Amino acid sequence: MNRNSQSSNIQNSANDIRLRSSASAATISTEKQRGGGRRRSFAKSSSSSSTTSSSASSLAAYYASSLTSTLASFMPLLLQYSCQQKHPDQKKLNQNPKQSTADQSHTNRTLFRDFCCWQRRNIIGPLQKLLSPLESLSKVLNEAPVLIVSMWITWYWCVDPKKTMRGIFLVPICEIINAFLKQLFQHPRPGWISGPHPVLYKQWSGEYSFPSSDMQLVACCCSFLFSDYPGSVACLIVVVAINRMYQGAHYLHDCAAGTAVGLLLTWIYVHLQVDRHIHSLLSTSRVSLMMMSLPFCLLQWLIYHKFTKNAHIPLQWDQKASTQMKAYKKIDVVEAHLKMFSGMYGLYVFLILFMPPMSEAIPPPDNATEFYARIVVGQALVVGLFLIITLLSPNHPAALMHTLRAIRYGSVPFTTFLMCPGAFSLFGAV
């Protein structure tokens, strides 16, 4: 009897739960059709219930229905996320393009810093330890630009005057273009970086690092003068590159880029026959050739106001660069690049003013005595006048300083083409 009554009670409870669930489902369906009020319908259904089990079942049904609708609403987002995981490029496209570009730029900068750090650790640092016994030779190679100009002068006096006159304009053109490139990229020298893996900075310079002006000048001038000896030119380029990295002044990619730009400039200069156009204008109208140099000034003015004028050098760079110096120095990239431009522009202008016609080039020496006499007398005059103007040049005001710097570099062609032939005749070297 008890079993029968118990089973009947269970059956009645099950029927009651089934009826309550149906009523709750009907209430939720009606709520969806009317567009809201779930909690209000649930309150009515729960208030009409008389047992605790029916309330729990109604609540479970409500949460089950809510969970189903929530999953259904989030399903498109889940599908979109899975598609982005399968196709990462689509995720990038859905982002803000400006943000994606900024993130990519930051990644590239990080990779480049790591690459420079790797070079300081594995190339420049070991070179400074390995080549420290050759410090004296390295100091001579540091003056590569001076040696290149002296080589041009000697080649004009003693070897091949006409070839020298055809290619001498490569010197100012190469250096001016290098100044433009350095101001555009603004890459610090390895000796300016305090860490990680810092290297010694053995030669002071306020110019930026990329690309190397020494490498560009050596590759440009030597590939023109010694075009018949490519092996010797390659060896000289390698020696100068190793020395620049040993000094802590350049990375390997600085030297490689400078070499590439120098060789490219020589190729353009030769294949476009720039030398013939210049000398034809020298024989007809030097004023027009002078006016053609004005775009250099305009470009330098634009680069100065756009990139160089507001260049900021961190204090850590000044402190690190000064560690190998006798006194603290401040890196002034603005002044350094303006000095480089004013000096090379003065050289370019004075070449136009004082270079003689090709037919009036000085003849080569007849014997060894004349050869060595020209080298000694000529270099003494060129270096002497250059140093005198240097001693007379003040640091302020800036306009006067840059003007005298242009005259100082311009004194080299003035002495080479005008003063030295008369001195050679005086000493019997002609």
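Colleague: What should I keep in mind about numbering and cut-offs here?
Modeller: Residues are numbered from 1 along each chain as its sequence is written, and side-chain values use heavy atoms, with hydrogens and water left out. Since this is a predicted model, local features need pLDDT of at least 70 and side-chain atom pairs count only at pLDDT 80 or more, while totals for chains, interfaces and linings use all residues.

Colleague: How many helices and strands does the chain have?
Modeller: The chain has 19 helices and zero strands, where helices (H or I, at least four residues) and strands (E, at least two) are DSSP runs numbered from the N terminus.

Colleague: And how much counts as buried?
Modeller: Of the 430 residues, 40% count as buried, meaning under 20% relative accessible area with a 1.4 Å probe and protein chains only.

Colleague: Which residues touch the most other members of the largest nonpolar core?
Modeller: In that core of 65 residues they are I148, W152, W157, F169 and M355; a nonpolar core is a set of buried Ala, Val, Leu, Ile, Met, Phe, Trp, Tyr and Cys residues joined through side-chain atoms within 4.5 Å. Helix α10 (residues 213-225) supplies the largest share, nine residues, and a second, separate core of seven residues includes W192, I313, I331 and V333.

Colleague: What does F169 touch?
Modeller: Leaving out residues up to four places away in sequence, F169 touches Y269, I278, L282, Y348, L351, I352 and M355, a contact being heavy atoms within 4.5 Å.

Colleague: Switching to the second largest pocket, which residues lie nearest its centre?
Modeller: Among its 15 lining residues, those are I173, Y269, V274, I278 and F296. Two or more lining residues come from each of α9 (170-185), α12 (252-271), α13 (274-284) and α15 (294-308), and α13 gives the most, with four.

Colleague: What is the lining made of, nonpolar, polar or charged?
Modeller: The lining divides into 14 nonpolar residues, one polar and no charged.

Colleague: Last one: is E207 buried or exposed?
Modeller: E207 is buried, with a relative accessible area of 16%, and its place is in the loop between α9 and α10. Not counting residues up to four places away in sequence, E207 touches K182, R189, W192, S213, A336, H337 and M340.

Colleague: Which side chain does E207 have a polar contact with?
Modeller: The side chain of E207 is joined to that of K182 by a polar contact of 3.2 Å, the term covering a pair of N or O atoms within 3.5 Å, of which, within protein, one must be able to donate a hydrogen and the other to accept it, with residues adjacent in sequence counting only if both atoms are side-chain atoms.

Terms used. On a 1 Å grid over the protein atoms alone, a cavity is a set of points where a 1.4 Å probe fits but cannot get out, and a pocket is an open set with protein on both sides within 12 Å along at least five of seven lines; lining residues have an atom within 4 Å of a point. Ala, Val, Leu, Ile, Met, Phe, Trp, Tyr, Cys and Pro count as nonpolar, Asp, Glu, Lys and Arg as charged, and the others, Gly among them, as polar. Buried means under 20% relative accessible area, exposed over 50%, partly exposed in between (1.4 Å probe, protein chains only).
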